[in-house]
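Me: I would like to learn how to read a structure like this one, feature by feature. Please show it first.

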Amino acid sequence: MKRFNWWLAEIVSLSLTPEEWEAVNGDLAESGETGGQALRDVLGLVVRRQIALWKSWRPWLAFLALVVPLGVLLSLVSRMMADGSAIYAWMYLNNWTWTYVTNAGARIDLIRYGADIALKYLALLCWSWTGGFLLGSLSRRTISVNVSLFCLALLLGELLEPPRNLGHWLLCPRPLGQGANGVHGGVYSLAFYSVMFPLILQMLLVVLPSFWGVRQGLRLATLPIPRRTILWTCMIATVAALGTESSVWWQLRTWDVRPNPAPVPHLPSLLPIALLGPLGYWLAKTSWRNERPSRII
Amino acid sequence: MLGEFEYLLLTAAVRLGKDAYGAAIRQEIEAITGRRCSIGALYTTLDRLEKKGFLKTWMGDATPQRGGRAKRMVQVNAKGVQAATSFYNAIARMSRGVSWEAKRTAVEP
């Protein structure tokens, strides 16, 4: 328990600046405090530091404009993609037969569905990375709190599924089309596709790329104004596309629970816009490196 | 005007002189007042006093007993000494004639 408290104190103190981290951990080692006291001391300092930081508008902007909306939107879109691809995953993985490959028509379908799902996953990955990048570059010293809240928003979005059920409660008390009693009920009645598969997708396509983006965002150096403008325009366009994607999803859900669902229009892919964020970063990074080889953004 | 803890911290740093750093100041305050001094209170107050221009801090040497980690050294400057002096004088003037002040002078030679 003592070792665990010390270990926890070290982890908590990582949110301090490197100099303060060194001074505080040195003081604790010198004073010979118990693990529990050390943990309480470090927690006290971290809380005081965070309170001081949250008196500024920047962390609040990052929290209100990024953490909450991004957490909910990414959770929504990830759930939408998990629901959509679960049917094909079930069809091709649980019911695999070589006919899918040997039959020309089935093979074309396999390639088409596979490519469609892969592109959607790529778009989600880009959105997550861009969201994380924005969060990292705007939060800086409050990043530990904002990232924890972001994960909480994702987890709550996934576990409670409020938007999914809200439309149902508001509009019509009958099961959703994609629910366990709907057209694809066979797929969603399996615990793996209704619970595990969305969680796995969220972990691989949202959580990990977001963390990667946060890391890159924290390392972002000051850029010249023109390049900064291009980078932020790309990032904002990507996040706006994410908002569009989830609002379409919301409308589809709303139509889905109406007594007579409206026909679903063919929607253009948002992948090119989703790619803008990472592409803008890559361009800014390479052009910056070409100009100043010693600096890394 | 300083706060009570700010005064204690400045006084401890002056008493310690060249050996004033985080853990030593904390130990000094705890030993003299008999009250626990948390690291959070110590470092946030140090920052506040440094911002007010009463002291300066810098990273010092690392020692083996600190696990090879550097100390945050503290030095009170003239402005800090002036602030502490005026705080002490104000307290001393304010305390003249009150019962606990009379008791203190009776006990101490």
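Me: How many residues does the contact take from chain A and from chain B?

Reply: A note before the count: this is a predicted model. The contact takes 16 residues from chain A and 15 residues from chain B.

Me: Which helices of chain A supply at least two residues each to the side that touches chain B?

Reply: Helix H2 (18–31) and helix H3 (35–53) of chain A do. The largest share of that side, eleven residues, comes from H2(A).

Me: How do the residues of the side of chain A that touches chain B divide into nonpolar, polar and charged?

Reply: On that side of chain A, five are nonpolar, four are polar and seven are charged.

Me: Which residues of H2(A) are buried?

Reply: The general idea is that an α-helix has 3.6 residues a turn, so residues three or four places apart point the same way. In H2(A), the buried residues include A:Glu20, A:Val24, A:Asp27 and A:Leu28. The run A:Glu22, A:Ala23, A:Val24, A:Asn25 and A:Gly26 is also among the buried residues.

Me: How many helices and strands are there in chain A?

Reply: Chain A has twelve helices and zero strands. Of its 297 residues, 34% are buried. Among contacts in chain A between residues at least 6 apart in sequence, 84% join residues at least 24 apart.

Me: What is in the largest nonpolar core?

Reply: In soluble globular proteins, nonpolar side chains tend to be buried together. Here the largest nonpolar core has 44 residues, and those with the most contacts inside it include A:Leu74, A:Leu124 and A:Trp127. Elements giving two or more residues to this core include helix H4 (57–94), helix H6 (104–139) and helix H11 (225–256) of chain A. H4(A) gives the most, eleven residues.

Me: Which residues does A:Trp127 touch, leaving out those up to four places away in sequence?

Reply: A:Trp127 touches A:Leu74, A:Val77, A:Thr238, A:Leu242 and A:Ala274.

Me: What does the second, separate core include?

Reply: This core has 33 residues, among them A:Val24, A:Ala38, B:Leu8 and B:Phe54. A:Val24 is also one of the buried residues of H2(A).

Note on methods:
Residues numbered from 1 in each chain as written. Chains lettered and ligands numbered in written order. Predicted model: local features only at pLDDT ≥ 70, side-chain atom pairs only at ≥ 80, totals over all residues. Contact = placed C-beta atoms within 7 Å. Helix = DSSP H or I, 4+ residues; strand = E, 2+ residues; numbered from the N terminus. Nonpolar A, V, L, I, M, F, W, Y, C, P; charged D, E, K, R; others polar. Buried ≥ 20, exposed ≤ 12 C-beta atoms within 10 Å, placed from the backbone. Core = buried A, V, L, I, M, F, W, Y, C linked by C-beta atoms within 7 Å.
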